Amino acid sequence: MKHIRPIFGLLFFFVLYLWNFPVIFQSNELLGRFDWDLYTFHVEFLRKSFVEFGSFPFWNPYYGAGFPVFENPSSKVGSFTHLFAIFVSGLTALKLSFVFYFVFTGILNYHSFLLYNKISHLTSILFVCLFQFSGYFFQKLYAGHMNQIQGLFLPAFLFYFLYLIQNKNKWIFSLTILIAYIMLSEGAIYTITQVAFLLVFLSGREIFISDQKRKSISRFFFLVVCILFVLSFKWVPMFLFVHQVGRYFVPDQFPLSLSDLYPIFFGSSQHPLLSQSLSQMQYRFWEYGNYIGQIPFYAFPLLLFTKRRFYFLLGLLGITIWIMLGKTSILSPANLLEQLPIYSQERVYPRWSLSVVFLYVWCLVVCIDTILEMVRPKFKTYVSISLFILLFLHTLDVRKMNTKYLDEIFILKPPTLSIENKESYPITVSSLPDYGSDSRMVPAIRNNLSTNDIYENLTFLFANKTMDTKDYHGEFYLYPSFEKVQPIQWKPDSFQFAVLPKGQILVINQKFHPGFVTNLLEVTPCSWNGYLAVPIESQIQSLQVKYSIKKSFFKNVTVNSNCQIDFN
């Protein structure tokens, strides 16, 4: 019972903070603004593949002339969001995943903080509420940045990992791997880079203070190797694909100044569309805003009670603030990080406010616990009640700031389209009517269309023919006869055809990828002017063209194998 009561206390504050959240479930007919179209599209595709075709897809033909799924960080394949999408619409699945992760991480962050820091239940609840009620997560929710919500897992992963450097526990080890998998499957690249950075420094500290340094070092490397090995099936193809095709992004142009920290963390106006609130703004405010409340601001002097063994954390806090400020000088950590793989493609350094809040709240709560230790036992009850009241007031404060704009997210009506596609496979269009979001991919997939007007920062691009161009010959045709071909069976990553005449090339109106194979050993897909194609050198009675995830692992997607066929 003693261990259950704190969970009820944590639940009380979560319900209080999320009191306004049901407003986002009021209508599933309206779509979200900004990046919501991108992630809703990806999850809608996962649902469509399962519900309509009964498949676990590895190729998405509904945008950009086709994209691999498993290797694409944005796809969310194999994630909890994917699981939810089997039962509900893609948009509802994303909303549910936010609630699920918020509550699930609340329990994990509470348990991991208590386990590693060995302090009171009350201060552990305080840590969870201060961290998770920060504005970072609702700013990202507003913008539809559903690959950054998993920053909620940052404390739990770090604390469990640090605990395992000193202790053996198979359940904690399993939880750590699960958290790492969740972050990978949800495409939380920005969270992972911050976790990796903090892990290097915090693990070094953990080894330094250990009484058995050799054992701690061996455990550290054992953990790293195990996690990388167990999850290699996910991170290796993802890393290779992103590395090969590259990413398009505009690097940061304006560093922040120290004076910007107050409006970011404590400012009285925190709307995601707030303009010109900082000295220089390259992005909308949702990339900066991370309101953590007035009480944490006035509690800043409590850091004077930091114990010596936590001085390192204060130093690390200073470094992460410096990174968050961006490329302020040649010697800034942001400039140094850009020399490393993955970090070289980093952008929007204000997103490091996630790590800043984590370290600040950790230091602050540990100092509060130190002060509580000084309180005489007969006064501890009064102090605990005072902390509870302060946390209650803090929750009301951050709820007012961070959740007041929830009813502004889902306000867009899907466009009415005149195009009707009765085929099982999508027809390619150049674009669709603008309905107010940053992209128009959801209306395309809902109407069984494939669009070239995509919103994806991976540069794996190819402009295939669209139905409104004069040289469009259909989604499947033969060259040089230009005879249209109908597949007898179609799935997103598998196309089956009946009799095909010799001396032709079967051209599929999607980009070539070396991961495609056929059911015939002697017939190999190739590139025909960048299109996915199959040379038909002799008559084929039955042909299946399928995307092989196994073959794609070992191929460079930027290398095209050009078709060679003698038409004589």
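These are my notebook entries on a few spots I looked up in this predicted model.

**Ground rules.** I number residues from 1 along each chain as its sequence is written, and my side-chain values use heavy atoms, with hydrogens and water left out. As the model is predicted, I ask for pLDDT of at least 70 for local features and 80 or more for side-chain atom pairs, while totals for chains, interfaces and linings use all residues.

**Helix α2.** I started with α2, residues 36-53; helices here are DSSP runs of H or I, at least four residues, numbered from the N terminus. Its 18 residues should span 26 Å at 1.5 Å a residue, and the end C-alpha atoms are 25 Å apart, which agrees. The expected span is 1.5 Å times one less than the number of residues. I found 14 of the 18 residues buried, so α2 is largely enclosed by the rest of the structure. Buried means under 20% relative accessible area (1.4 Å probe, protein chains only). After α2 comes Gly54, with a positive phi near 60°.

**Thr395.** I found Thr395 in helix α17, residues 377-402. Thr395 counts as buried because its relative accessibility is 0%. Not counting residues up to four places away in sequence, Thr395 touches Phe13, Leu16, Tyr17 and Phe133; contact means heavy atoms within 4.5 Å.

**Ile292.** This residue sits in the loop between α12 (261-265) and α13 (294-298). At 4% relative accessibility, Ile292 counts as buried too. Leaving aside neighbours within four places in sequence, its contacts include Phe265, Val357 and His394. I also checked the distance to Val357: 65 residues apart in sequence, but 7.8 Å in space, C-alpha to C-alpha.

**Second largest pocket.** I read off about 420 Å³ of space. Of the 26 lining residues, Tyr116, Asn117, Lys118, Ile209 and Arg309 are the closest to the centre. A pocket is an open set of points on a 1 Å grid over the protein atoms alone, where a 1.4 Å probe fits, with protein on both sides within 12 Å along at least five of seven lines; lining residues have an atom within 4 Å of a point. The volume is the space filled by probe spheres set on the points, joined across faces, edges and corners. Helix α16 gives the most to this lining, with 5 residues.

**Cysteines.** How many disulfides does a search of the whole structure find? I got 0, taking a disulfide as a pair of cysteine sulfur atoms within 2.5 Å. For Cys363, the nearest cysteine sulfur is that of Cys367, 6.7 Å away. Cys363 is buried at 4% relative accessibility, and Cys226 is buried at 17%.

Conventions: Helix = DSSP H or I, 4+ residues; strand = E, 2+ residues; numbered from the N terminus. Buried < 20%, exposed > 50% of the residue type's maximum accessible area, 1.4 Å probe, protein only.
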